[in-house]
Amino acid sequence: MATTADYKIGPQTFPRGWFMVAISSEVTSQPRGVRYFGQDFALYRGKSGRVVLLDAYCPHMGTHLAKNRTSYTVLDGHVEGDDIRCPYHAWRFGPDGKCKHIPYYDGAIPKAAQVKSWPVQERAGVVWVWHDPEGGEPEFELPPFAEHGQPHWVEWNIDKLGVMASHPMEVVDNIADLPHLGPIHGSTVEFFENEFRGHKAIQRQSGGHRTLVGAPGDKLYTDTVYHGPGILVSHLSGMFETVLMITHTPVDDGVIEVWHGLLVKVPNAVPTEADIAAARAFNESSKAAFLQDFEVWSNKRPAFNILQVPTDGPFHKARIWYKQFYHPRSEAKRIIAPVEGVHVVPGTPGWPLQRVS
Ligand code: FES
Ligand SMILES: [Fe+2]
């Protein structure tokens, strides 16, 4: 398995940023054990509706807080208010991870009786965690997902594409990958450019497309932004106006989990059944287009060094942009300085329209 060290991306094994950990509807008062960043977590929704993500293992004797279905503590419901009780001896932990009750002990609760509570946010039907190896506060915002929940926009049914033994570097390369658009997706690219700016990597592209436009000759415009290392949001206008989300989260070093979601704009402010059916069908086309990339990643060998020709996309610059998330944040500005700006591949016109992102 190819690891962060193999790619020489930086000293931190897992990147700093916002990452998806669950679809909102999956998070209930029945806690789930999840694994990301080489660690195990307990994820649940408290009775107030609050989502809580805790380190999984109880400080008392190491029991997994969420992976139990037979303890009477669990059968009786071990989420109480926004707290969770450990299945083994029923110590009760608050959403801040601190133990607040030991059922068989009246003395002072030991200071060490706590687990780490992770900063989570729920937005656009997704639960996100801020991951920072240095333990710092979020340094940038989640994408706004401004269209989500608005009139005319059909709610997404997020597709779980599963866990893939690929380093995220291979996925992020895609932001700069101009010459795969024809062979893989059937695009006839007319305009293509990248821009790297702070925590964002942007791709603006337009041209024909074999699957995502209505009629031959129609154009697809895509304006795609990585908001940090793991969340890609693309505004597309082709057959429909859509917002595409592809998000990946490291599970272990060299292994990622991947999701796909598509918000589709329809003519009616309150989408009809026909609108929803059309949106779902278009979601399948979008997912199929992404799975064309996914199939390559699932089977390729790692590209530690890309044998780049001048009319490839700016892969090397994208990799430099990506490195910032594997270094202390104090070094990020220095790392990305040489690549910040707009880059056009020789022979390819830049973006002809007003830049949105
Ligand atoms: S192991 Fe959790 S309460 Fe004992
Ligand atoms: Fe692609």
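This is a predicted model: local features need pLDDT of at least 70, side-chain atom pairs count only at pLDDT 80 or more; totals for chains, interfaces and linings use all residues.
Q: How many Å separate the centres of domain 1 and domain 2?
A: The protein chain is divided into domain 1 (17-131) and domain 2 (153-343). Their centres are taken over C-alpha atoms. The separation is 33 Å.

Q: How many residues does each domain bring to the contact?
A: Contact here means heavy atoms within 4.5 Å. Both domains take part in it. Domain 1 gives 17 residues and domain 2 gives 16 residues.

Q: Which three residues supply more than any other three of the area that domain 1 buries against domain 2?
A: Domain 1 and domain 2 bury about 1300 Å² between them. Carbon and sulfur atoms carry 64% of that area. On the side of domain 1, three residues supply 37% of the area buried against domain 2. They are Phe-19, Met-20 and Tyr-36.

Q: What is the distance between the closest N and O atoms of Arg-35 and Asp-252?
A: A salt bridge needs a side-chain nitrogen of Lys or Arg within 4 Å of a carboxyl oxygen of Asp or Glu. Two salt bridges are counted between domain 1 and domain 2. Arg-35 and Asp-252 form a salt bridge. Their closest N and O atoms are 2.6 Å apart.

Q: Which strand gives the largest share of the side of domain 1 that touches domain 2?
A: Eight residue pairs are in polar contact between domain 1 and domain 2. Strand E1 (17-23), strand E2 (32-36) and strand E10 (126-131) each supply at least two residues of the side of domain 1 that touches domain 2. The largest share is six residues, and it comes from E1.

Q: How do the residues of the side of domain 1 that touches domain 2 divide into nonpolar, polar and charged?
A: Sort the residues of this side by kind. The division is eleven nonpolar, three polar and three charged.

Q: Why is the pair of Phe-14 and Phe-37 called edge-to-face?
A: The model has 20 aromatic pairs. In this pair, the ring centres of Phe-14 and Phe-37 are 6.3 Å apart, and the pairing limit is 6.5 Å. The planes of Phe-14 and Phe-37 meet at 75°, and angles over 60 degrees count as edge-to-face. So the name for this pair is edge-to-face.

Q: How many residues apart in sequence are the parts that Phe-14 and Phe-37 tie together?
A: Phe-14 lies in the loop between helix H1 (4-7) and E1. Phe-37 lies in the loop between E2 and strand E3 (39-45). So the pair ties together parts whose separation in sequence is 23 residues.

Q: Which side chain joins that of Asn-174 in a polar contact of 3.3 Å?
A: Asn-174 sits in the loop between helix H3 (168-172) and helix H4 (181-185). Among the residues Asn-174 touches are Gln-203, Asp-293 and Trp-297. The side chain in the polar contact of 3.3 Å belongs to His-180.

Terms used
Residues are numbered from 1 along each chain as its sequence is written. Chains are lettered from A and ligands numbered from 1 in the order in which they are written. Side-chain values use heavy atoms; hydrogens and water are left out. Domain bounds come from an automatic or database domain assignment. Buried area is the accessible area (1.4 Å probe) that two parts lose on being put together, summed over both. A polar contact is a pair of N or O atoms within 3.5 Å; within protein, one must be able to donate a hydrogen and the other to accept it, and residues adjacent in sequence count only if both atoms are side-chain atoms. Helices (H or I, at least four residues) and strands (E, at least two) are DSSP runs, numbered from the N terminus. Ala, Val, Leu, Ile, Met, Phe, Trp, Tyr, Cys and Pro count as nonpolar, Asp, Glu, Lys and Arg as charged, and the others, Gly among them, as polar. Rings of Phe, Tyr and Trp (its six-membered ring) pair if their centres lie within 6.5 Å; planes under 30 degrees apart count as stacked, over 60 as edge-to-face and the rest as tilted. Lists of a residue's contacts leave out its neighbours within four places in sequence.
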